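Let us walk through this structure one step at a time. Keep the sequence and the 3D view side by side.

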2 protein chains.
Amino acid sequence: MVSDCSTKKIAHVVREYEGVKRKHAIGEMVKALWIDAPQVIASFGEDAAVIEHNGEALLLAADGIWSRLMEADPYWAGYCSVLVNIHDIAAMGGRPIAMVDVFSMPKNTHIHEQVVKGMHDASAQFGVPIVGGHLHPDAPYSVIDVSILGSARLDSIIYSNTAQEGDHILAAIDLSGRVHPSCALNWDSVTMKTAAYVRAQIALLEEIGKDHLVTAGKDISNPGLIGTLGMLLEVSGRGAEIDLGKVPKPDLAANAMTFEQWVKMYPGMGFILTARKQNVDELVRRFAAVGMTAHDIGTVDATRRLRIRYDGDEAQVFDFIENGITCLPPGEASCRQQ
Amino acid sequence: MVSDCSTKKIAHVVREYEGVKRKHAIGEMVKALWIDAPQVIASFGEDAAVIEHNGEALLLAADGIWSRLMEADPYWAGYCSVLVNIHDIAAMGGRPIAMVDVFSMPKNTHIHEQVVKGMHDASAQFGVPIVGGHLHPDAPYSVIDVSILGSARLDSIIYSNTAQEGDHILAAIDLSGRVHPSCALNWDSVTMKTAAYVRAQIALLEEIGKDHLVTAGKDISNPGLIGTLGMLLEVSGRGAEIDLGKVPKPDLAANAMTFEQWVKMYPGMGFILTARKQNVDELVRRFAAVGMTAHDIGTVDATRRLRIRYDGDEAQVFDFIENGITCLPPGEASCRQQ
C-alpha cells in the first residue's frame, strides 16, 4: 500500500517540505504583537482566534494564497482563498458568517477576472458572502488575502491545543476528487460538488463541536496531514505515534500519485481530530454520512515527539522538545535555542 | 490662505491624484463577487461591512498598505496598517474589537521587525488586539493586509450613502501633528499622542452615532479630504459645493507644505461628516473636546456634482453622472459608459 516509501523517507519529506518549514517564523512575530486583551480567549496557534462577545464566541481568521498558486491557476487561487478561510472556521466548530478581501494586482494583468470568479464561485457554493475589502490595482505583484468572521457557542469550540494523552487521532478526508490539474499538491474534492454537499461537511464540524465528540482539531492545510498533526501536537504539548497504513487515501495509482505526494497534499476537505476512544465510531459514521472517510490513525502520548510507522518500519518526524514547527507555546522554549 | 492654488488647479490635482484614480476598479469587482445574503445590511461602498447578528451589528473591514509605503518606512507602514482599519470601524460609529493580519515578506528581508513593531505599537495605543493571521515568509514582495472586526448598535451606524440634500458638510481633523518625515502625503497626528487621547477620538465617533448627530460619514483616507467627500457623495447619489477657505488646516508655511499637498493628505485622524444644520455647533464642540478641528465647509445638494470654490473662483472636481470614482451604485451607470 505504501510501497513507494520508507517511513524515514516520509519523515524527511514532511519535515523538509516548505509548507512545514515556512511556519517557523510565526512564533517570534506572535510574541512581538502581543497585547493584553482579556476578551481574547485564544489567538495564534488556533485556526481562528476566539473572542468572547455578548456571551458567545466570535471567530476571526485570515489566510493568504501563495504567489505561486496565483501564477499557476488564478481561478483556483481565488477559489482557495475562500476555501481555506471557511476551513479555518469549520475546524474551530464554528459557523462562517462573512469574508473580506484585500486583492493586490499589477496594472496590466488580466488574471483578476479569473481570481474574482473563483472567489465568487466558492462564496456562492458555501453560502458565505464576501462583504467588502480593499483593492490595490497597481501593485508590483498579485496577491489575494481573505479574512473571515464566524461564530460559535463558547462551550462548543474545537481548539488545537487541547489534545490529551490517550486520545485517538482521526484523519477525515473527502477522498472523492482529483489531483488538481494546475497544482500537484492540491486534492480538489470540492469544485465538482453541489452546494448542499460541501455545506453539509462544514456543518458537521459545528455539530461535532456542539456534541463534544472531539478533544482537539485542525483543518489539514499546506503542511499536509502529518505536518498539520504536528502543529496540533506541538501546541497541545503532546506527542503521538501514527500508522501510515491507516491514513485514508484515494486510489493512488489511478490518480498517478505517490504516497509521499498524498501526505503533503492540501485536501479540499480534510481535518485532523483527536477524540476519546468511545467517540471514534460515532465520528467515523458521521463523517461517512457527508462523504468523508475518517480513520483512526494513531494515539496521542506524552512524548512530545511525532513518530510514524508502517509495516514494522518506524521513524521520528518531529521532536518538539528539540525543534518546534510554529515555535508557539509550549514549543517556544525549544525555538529560542535554534 | 490658499495662495498657491486656483480652484481649477486643485480640482485637477484631486481628480488626477492616484489615490482617487485607483478607486475606479472597485465597482466591477463588487458586481462579480455579489451573492444574495439577507443578513448583510451594507457591504462595498461603506468603510466597513455591516452584518446583522443576534440583534446587533458586526462590522468587518479590510485594508492593505501600498507597497511604496512599506519600502519608504516599514515602521510607519505597520502602524498605518492598524490605524486605517481602526478608522474604518470608527467611521461607521462602531467600536473596534480585534484584528487579524496577513503579512507577506521575502526570505532575506529585515524590514519585518520594524513592520511588526509599528503594528504592535498602534495596537497597544488604540487598545485593539491583533489576534491572529497568516505569514508568508518567502513571498516575492513585502505586503501587510489587516482586517478588523467591530460592533455597533444597529440603530447607531454612520453610513456613507445617506447624505441628504441640505445637509452641512463637516471636515474634522486633528491638526496638531507633523508631515510624516517618510511620507509627504501623510499627516501624522497620532504617534506622538497618548493612548487616552487617541482612544477618546475613536470613542467620539461611536457617541456621535448613538446620539444620531450626523446623517453620513467617512474617514479621510488615501483619496484625501476632497476625494473622500467625493466617494461619500457618489454613493449617496448627491452633489455638493464646498469652500476651500473653510477647510481646517495646520500652519502650512510652518510645516513647509502647500495647500495642494494638504488636500491630498491622509490625516492620522480625520473624518468627513454630513449633518443637519441644528447639530453642527454641537459636533464642532465635541470634536474640539478631543483635540480635533471641525469646520462647516459646505452643503450637500442634488446636483451629483462636487464643486469647490475659493474667494470668488470656482471649479468642478467630479461629475458623478458622467464619471464615477468607485463606480459603485448609484454611480455605476456612468462607469459602464467609460
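How many salt bridges are there between chain A and chain B? The count is zero. A salt bridge here is a side-chain nitrogen of Lys or Arg within 4 Å of a carboxyl oxygen of Asp or Glu.

A word on the ground rules. This is a predicted model: local features need pLDDT of at least 70, side-chain atom pairs count only at pLDDT 80 or more, and totals for chains, interfaces and linings use all residues. Residues are numbered from 1 along each chain as its sequence is written, chains are lettered from A and ligands numbered from 1 in the order in which they are written, and side-chain values use heavy atoms, without hydrogens or water.

Now look at where the chains meet. Chain A gives 62 residues to the contact, and chain B gives 62 residues. Contact means heavy atoms within 4.5 Å. Chain A and chain B bury about 5100 Å² between them, 68% of it on carbon and sulfur atoms. Buried area is the accessible area (1.4 Å probe) that two parts lose on being put together, summed over both. On the chain A side, the residues touching chain B split into 37 nonpolar, 16 polar and nine charged. Nonpolar means Ala, Val, Leu, Ile, Met, Phe, Trp, Tyr, Cys and Pro; charged means Asp, Glu, Lys and Arg; the others, Gly among them, are polar.

Next, stay inside chain A. It is divided into domain 1 (7-25 + 159-336) and domain 2 (47-154). These bounds come from an automatic or database domain assignment. The C-alpha centres of the two domains lie 22 Å apart. Domain 1 of chain A puts 30 residues into their contact, and domain 2 of chain A puts in 27.

How much area do these domains bury between them? The figure is about 2400 Å², 56% of it on carbon and sulfur atoms. In domain 1 of chain A, A:I202, A:E206 and A:Y266 lose the most area to domain 2, together 21% of what that side buries.

Find A:D47 and A:K218. They form a salt bridge, with the closest N and O atoms 3.4 Å apart.
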